[in-house]
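Please read it alongside the sequence and the coordinates.

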Amino acid sequence: MFFRAAWSFVLGKQKGGLGMRKVHSPGDPAPSKGKVPAYTNYYAQRSYPMPDEPFCTELSAEQRALKEKEKGSWTQLSHAEKVALYRLQFHETFAEMNRRSNEWKTVLGCVFFFCGFTALLIWWQRVYVFPEKPITLTDEWKAQQLQRILDMKGNPVQGLASRWDYEKKEWKK
Amino acid sequence: MSSSALTKPQMRGLLAKRLRFHLVGAILVSLGVAASYKFGVAERRKKAYADFYRNYDSKKDFEEMRKAGIFQSAK
């Protein structure tokens, strides 16, 4: 939602954006759901729900007549007229604006894809770039180190030496 | 206008209600975490140390280490 606002700002379509544009009325006051008009100066979001300018500024004759009728008592408006007036003023209802999308699947898929690609890069690096392991990381050296730590009884209360059985010379079960 | 009247939503006291709910929850969660830490970590550790040192013979321990050959000053 924020991306659409930011993107329309960059393209100059928002109020005070990088290049002001005239609003392009989509025609009929009830656009088909799910189809956003290509160019619009309308910038309402959930966090900014009631902008000053209405959605449709170029009105046909009957729409202008409806706006005139709106100036009178609202109890005389039929239900369809009220909906038409709403659609003139606002692009989408809150329910439409807040609809779910499947974007998260795309995002997650791309994240995992690039994680996998990175893994391939790291594998290549390990094969072709890394130098030899130093002597201290070989298995014999590490075994001797561990034996020395056990001889010194490092952390005998709760740590490493507490897990070693000194009588049987093996790890405690 | 609409065919069925909607129930009037909650208009007042929204923050107070949220605060009460979350305050109670926060107190319970923090007390729970503190209690589980006390019993799971602190008391367990105290007991481990007490058990270790109850029958600890430091001379025997030293002799074992000396025989293993880790000292430079006492072979």
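Predicted model: local features only at pLDDT ≥ 70, side-chain atom pairs only at ≥ 80, totals over all residues.

Helices, as the word is used here, are DSSP runs of H or I with at least four residues, whereas strands are runs of E with at least two. With that in hand, residues 106-124 of chain A are 100% helix and 0% strand, with end C-alpha atoms 27 Å apart.

**Annotated transmembrane regions**
- In chain A, residues 106-124 carry the UniProt annotation "transmembrane region", which comes from an unreviewed entry.
- In chain B, UniProt places a feature with the name "transmembrane region" at residues 20-37, again from an unreviewed entry; over these residues the chain is 100% helix and 0% strand, and the end C-alpha atoms lie 26 Å apart.

**Helices of chain B**
- Helix α1 of chain B runs over residues 14-54, and its 41 residues reach 58 Å from the first C-alpha to the last, which is close to the 60 Å expected at 1.5 Å a residue.
- Helix α2 of chain B covers residues 58-68, and at its start a side-chain oxygen of B:D57 comes to within 3.3 Å of the backbone nitrogen of B:K59.
- After α2(B) comes B:G69, which has a positive phi near 90°.

**Interface between chain A and chain B**
- Nine residues from chain A and 11 residues from chain B take part in the contact.
- The two chains bury about 1,000 Å² between them, and 62% of this area is on carbon and sulfur atoms; on the side of chain A, the residues that lose the most area to chain B are A:K153, A:V157 and A:Q158, which together account for 51% of what that side buries.
- Two salt bridges are counted between chain A and chain B, and B:E64 forms a salt bridge with A:K153 in which the closest N and O atoms are 2.2 Å apart.
- Three residue pairs are found in polar contact across the interface, with both residues at pLDDT 80 or more; the elements of chain A that give two or more residues to the side touching chain B are α3 (79-89) and α6 (139-151).

**Helix α6 of chain A and what follows**
- Just after α6(A), A:K153 adopts a positive phi of about 55°.

**Salt bridges**
- Side chains of opposite charge can pair when their charged atoms come close.
- Over all chains, the structure holds 15 salt bridges.
- A:K69 and A:E81 meet through their side chains in a salt bridge, at 3.0 Å from N to O; this pair links distant parts of the chain, with A:K69 in helix α2 (residues 61-70) and A:E81 in helix α3 of chain A, 12 residues apart.

Definitions and conventions. Residues numbered from 1 in each chain as written. Chains lettered and ligands numbered in written order. Heavy atoms only, no water. Expected span 1.5 Å × (residues − 1). UniProt positions renumbered as here; feature names shortened; annotations may be inferred. Contact = heavy atoms within 4.5 Å. Buried area = accessible area lost by both parts, 1.4 Å probe. Salt bridge = Lys/Arg side-chain N within 4 Å of Asp/Glu carboxyl O. Polar contact = N/O pair within 3.5 Å; in protein donor to acceptor, adjacent residues only side chain to side chain.
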